[in-house]
Amino acid sequence: MNEIDLAASAAVAASAAAFGADEVVWRGWGPWLLRAGVVLVGLFWVVGAYNRLVRLRGAVGAAWAQIDELLARRSGLIDPLLVALQGPLADEAGTLAALAAADTRQREAAQAVRARPSLASALMEWVVAEAALASPLARLQALVEQRAELRDSEEVQPLLRQLAELAPRLAYARTLFSDAARAYSTAVQEFPTRVVARLFGMRPAPGL
């Protein structure tokens, strides 16, 4: 065997030895590396799913903020309307008191929703309070329409007109909220995202 053959044989032997050493190392560390890779992938997925849920829940909060602004403006119109009608509608003091009480209850319920717009119990309480407000407000508007001096009142009519203009805007804002709540609730209930939602205590949000 010449020197070239000897060198080639040595190179092959060295390569085989290195391969064998690498195989030993892989057998020792390979499973751990695979496990670490799986854990990292899972961790990245959990972070991504959580951020998506937080973003969708934030959209619910932003949608409620629009409703909340309109509710504040409506209450800001109801207060001076009640003051303006205390004299002309003194015989309907019960209706005025019922409207004032219903608006106060609605404000308190809205404040509770403001803290956690995706909380079902708080939102349902507001829905009930909002429905209770509708009846005395409608009766008051009907009483005003029945009296000529109030229909032509420059103090009362602008307030009623602004209330009427707020109604469709509030209805549209409620639709936007329901859409945002539906998107969030769907994500919370989807598999495997719902595993992350349960882990962090996230629950579906009802619509309006």
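## Salt bridges between helices

At 46% relative accessibility, Arg114 counts as partly exposed, where buried means under 20% relative accessible area, exposed over 50%, and partly exposed in between (1.4 Å probe, protein chains only). This is a predicted model, in which local features need pLDDT of at least 70 and side-chain atom pairs count only at pLDDT 80 or more, while totals for chains, interfaces and linings use all residues. Residues are numbered from 1 along each chain as its sequence is written, and side-chain values use heavy atoms, with hydrogens and water left out.

The structure holds nine salt bridges, each being a side-chain nitrogen of Lys or Arg within 4 Å of a carboxyl oxygen of Asp or Glu; three of them are listed here.

| Salt bridge | Closest N and O atoms |
|---|---|
| Arg114 and Asp68 | 2.5 Å |
| Glu130 and Arg74 | 2.7 Å |
| Arg105 and Glu125 | 3.6 Å |

Glu130 lies in helix α3 (residues 120-146) and Arg74 in helix α1, so this pair ties together parts that are 56 residues apart in sequence; helices are DSSP runs (H or I, at least four residues), numbered from the N terminus. Both Glu130 and Arg74 are buried, and Asp68 is buried as well, with a relative accessible area of 13%.

## Ser178

Ser178, found in helix α5 (residues 157-189), is buried at a relative accessible area of 9%. A polar atom of the Ser178 side chain lies 2.8 Å from the backbone nitrogen of Leu208.

Definitions and conventions
Helix = DSSP H or I, 4+ residues; strand = E, 2+ residues; numbered from the N terminus. Polar contact = N/O pair within 3.5 Å; in protein donor to acceptor, adjacent residues only side chain to side chain.
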